[in-house]
There are 2 protein chains.
Amino acid sequence: MTGGAGATRYAERLDRAAVVAGEAGLGALLATPGPDLLYLTGHAPPPLERLTLLVVAPGRGPVLLVPLLERPAALASPAADRIEVLGWADGEDPYTVAAELLPPGPLAVTDQTWASHVLGLQEAAADRTFVAAGRAMPPLRAVKDEWELAALAKAASAADAAFADIVLVTFAGRREADVSADLADTLRRHGHQVVDFTVVGSGPNGTSPHHEAGERVIAKGEAVVMDFGGHLDGYCSDITRTVFVEQQPEEFDRVHDVVRRAQQAAFEAVRPGVPAEDVDRAARDVIDDAGYGEWFIHRTGHGIGLEIHEPPYIVAGNATKLEAGMTFSIEPGIYLPGRFGARIEDIVAVTDDGAVRLNEAPREPLAVR
Amino acid sequence: MTGGAGATRYAERLDRAAVVAGEAGLGALLATPGPDLLYLTGHAPPPLERLTLLVVAPGRGPVLLVPLLERPAALASPAADRIEVLGWADGEDPYTVAAELLPPGPLAVTDQTWASHVLGLQEAAADRTFVAAGRAMPPLRAVKDEWELAALAKAASAADAAFADIVLVTFAGRREADVSADLADTLRRHGHQVVDFTVVGSGPNGTSPHHEAGERVIAKGEAVVMDFGGHLDGYCSDITRTVFVEQQPEEFDRVHDVVRRAQQAAFEAVRPGVPAEDVDRAARDVIDDAGYGEWFIHRTGHGIGLEIHEPPYIVAGNATKLEAGMTFSIEPGIYLPGRFGARIEDIVAVTDDGAVRLNEAPREPLAVR
């Protein structure tokens with residue numbers, strides 16, 4: 001789970017998190033099990049009803065409060081020698097114990113902390129203000145280092161390889177669920193340890209961007225949206241391609257071409273200093289100009305790293321300036337109700353000169369059988 | 001994901017949730033993606049940064065607010081015809097939209113709701129009080145119906161079958177991670193769609209109850225704690241057995257016997273009306289009396305169903321009275337620092353007459369090679 005990051009890396013990340021929290025006027029960053037805890041410490045216990053809480057405060061050493069039975073595992077984690085590890089026992093109130101560890105000032109809680117924990121902390125430390133880290137401080141994980149970029153490129157290449165395999169299977173006459181299972185197999189075969197989603201949306205089902213593959217039997221002459229990804233060595237893949245079964249449905253060629261041009265326009269809009277929302281705008285303008293604006297019903301993309309969705313979000317209203325090392329999806333789509341959808345998604349990385357694509361699977365509309 | 005539960009089942013559950021929330025003096029139960037939403041509606045979108053919120057209020061029909069792009073999937077879910085499904089668009093503030101849907105009175109949020117969502121709701125509806133559902137109202141999912149009991153029994157039997165297979169593999173000279181991978185394979189072979197954990201703790205690693213299987217090479221003469229489980233047709237398995245490699249380490253026989261008697265004592269303490277903490281006490285008394293109390297460092301068990309850990313918790317301080325249909329683990333353990341651990345865990349179901357075990361794998365200490 002630690003993805004090869006060494007103890008020094010975690011020490012640097014912990015130091016940086018404390019500085020960033022301080023600069024944001026926060027008393028501390030509080031992290032519970034999940035991607036932030038993993039990123040900061042290399043420790044990856046499952047998120048559970050028992051409180052595990054990392055307190056990263058400017059000017060103090062980090063403290064990790066864990067259920068007593070998980071203390072040995074915490075002490076064996078990569079950053080353990082940089083962290084004071086405290087245990088609480090079953091039967092104790094962990095929130096009362098945690099309240100003693102909280103410095104003054106507003107406290108940022110990682111976004112995925114469970115409500116039971118944040119409400120428990122609010123009650124035990126009623127004089128404190130709790131805020132969501134995602135809103136109260138800049139994202140810690142948005143700018144990737146070289147090692148992380150390599151991990152994301154590897155995951156993307158594996159997803160590309162899965163796409164190259166899946167276009168060879170039979171679609172016509174099989175259920176979406178069957179193709180979805182094939183996709184999961186091929187993702188695993190190409191090195192993914194975890195398969196997170198394998199959307200297969202045929203015909204009208206392709207107009208539901210997060211459609212769950214089901215019993216629908218795919219027919220000749222239909223478009224099929226495939227959006228799939230998972231975890232490879234701790235980092236995520238996420239790719240979408242839209243194919244057609246032998247023959248293109250009416251208007252598909254035109255719609256797919258608009259999506260492809262929108263995706264390219266967004267790609268070309270990426271460079272350091274550009275607000276995230278401008279990349280969304282670039283894709284949206286192409287689709288609006290082509291007269292399909294009404295049917296592009298979602299944002300253009302999302303950051304990716306340890307999580308499939310993380311900052312920066314490529315969406316109207318997000319003025320975050322892009323920086324070299326940020327990684328995100330560019331995935332415009334058009335969804336014609338009752339007919340078909342078309343979406344093209346690549347993961348890109350921001351460089352000093354613009355963007356590079358981590359996915360290289362063909363973007364032209366491919367025929368499958 | 002719906003586990004065969006039909007639309008009528010969801011209608012009944014939604015009605016019951018509204019009644020229970022009302023009886024608890026709550027304005028509404030708010031559920032985000034996770035086991036409660038799945039239980040109430042059959043809808044299982046992934047928990048993400050975009051707000052999905054089910055509002056179940058006494059005297060009103062349930063309302064589900066979803067990201068616009070997930071509205072088609074929500075409308076296709078089993079309970080959709082019983083729920084008003086509203087969409088919010090990327091770029092809108094979902095918390096402002098949600099605030100309009102909230103009735104007066106304290107609002108219970110399902111325990112696993114993300115902090116970003118609960119803090120967003122607190123800000124948008126600053127005149128409301130938010131409480132954790134797990135503390136503010138009785139658990140909705142603790143008492144299982146016949147169909148759920150059958151699903152849990154099936155998952156338990158599959159875990160038993162995995163244990164029967166794993167004791168036939170070679171342990172001596174192999175890494176914990178290798179045996180752990182074998183365990184995952186055999187769980188899948190016996191029908192698990194998801195493998196959630198395969199703890200293999202050999203020798204001193206067995207003293208860390210949530211040890212992650214690692215590089216340690218297992219040796220002859222060592223005890224090995226194996227705690228494994230996953231999801232089968234949506235319901236969870238969770239079993240622990242402790243074996244030894246050819247020869248028992250010193251004192252193992254005695255320790256294992258104490259654990260086994262403690263597990264049996266807890267099992268025999270189960271019947272409707274008994275407080276959960278009494279079952280914990282029954283196991284703890286046996287271990288205390290044998291002089292190992294200091295080394296039994298966790299609660300005796302946890303409920304199980306759609307989640308691996310859910311109410312009722314079998315722990316000191318939990319006065320919840322057991323009811324027929326509740327299902328939970330009984331898993332006492334003894335952990336001798338630097339030496340070995342021993343734990344035996346079965347899933348049991350409360351019946352009118354006492355408890356029945358859903359796991360039937362042998363509980364005597366087995367030798368492996």
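Modeller: The account below takes the model as a whole, then the helix pairs, then some backbone details.

This is a predicted model, in which local features need pLDDT of at least 70 and side-chain atom pairs count only at pLDDT 80 or more, while totals for chains, interfaces and linings use all residues. Residues are numbered from 1 along each chain as its sequence is written, chains are lettered from A and ligands numbered from 1 in the order in which they are written, and side-chain values use heavy atoms, with hydrogens and water left out.

For the complex, the predictor gives an ipTM of 0.83 and a pTM of 0.85.

In chain A, helix H7 (residues 146–166) packs against helix H8 (residues 176–189) at an angle of about 135°, and their axes lie 9 Å apart. Helices (H or I, at least four residues) and strands (E, at least two) are DSSP runs, numbered from the N terminus. Axes are lines fitted to C-alpha atoms, for helices over the stretch in contact, and angles run from 0 to 180 degrees between N-to-C directions. H7(A) is therefore oblique to H8(A); angles under 35 degrees count as roughly parallel, over 145 as roughly antiparallel, 65 to 115 as roughly perpendicular and the rest as oblique. On the H7(A) side, the contact (heavy atoms within 4.5 Å) is made by Ala159(A), Ala162(A), Asp165(A) and Ile166(A). Its partners in H8(A) include Val179(A), Leu183(A) and Arg189(A). By class, this contact of H7(A) with H8(A) has six nonpolar, one polar and three charged residues. Here Ala, Val, Leu, Ile, Met, Phe, Trp, Tyr, Cys and Pro count as nonpolar, Asp, Glu, Lys and Arg as charged, and the others, Gly among them, as polar.

In chain B, helix H9 (residues 252–269) and helix H10 (residues 276–289) pack at about 155°, with axes 8 Å apart, so H9(B) and H10(B) are roughly antiparallel to each other. Among the residues that meet are Val258(B), Arg261(B) and Ala265(B) of H9(B), and Val279(B), Ala283(B) and Ile287(B) of H10(B). The contact of H9(B) with H10(B) has ten nonpolar, no polar and one charged residues.

Turning to the backbone, Pro311(A) and Pro312(A) are joined by a cis peptide bond, with omega about 0°. Pro312(A) lies in strand S12 (residues 310–314) of chain A. A cis peptide bond also joins Pro311(B) and Pro312(B).
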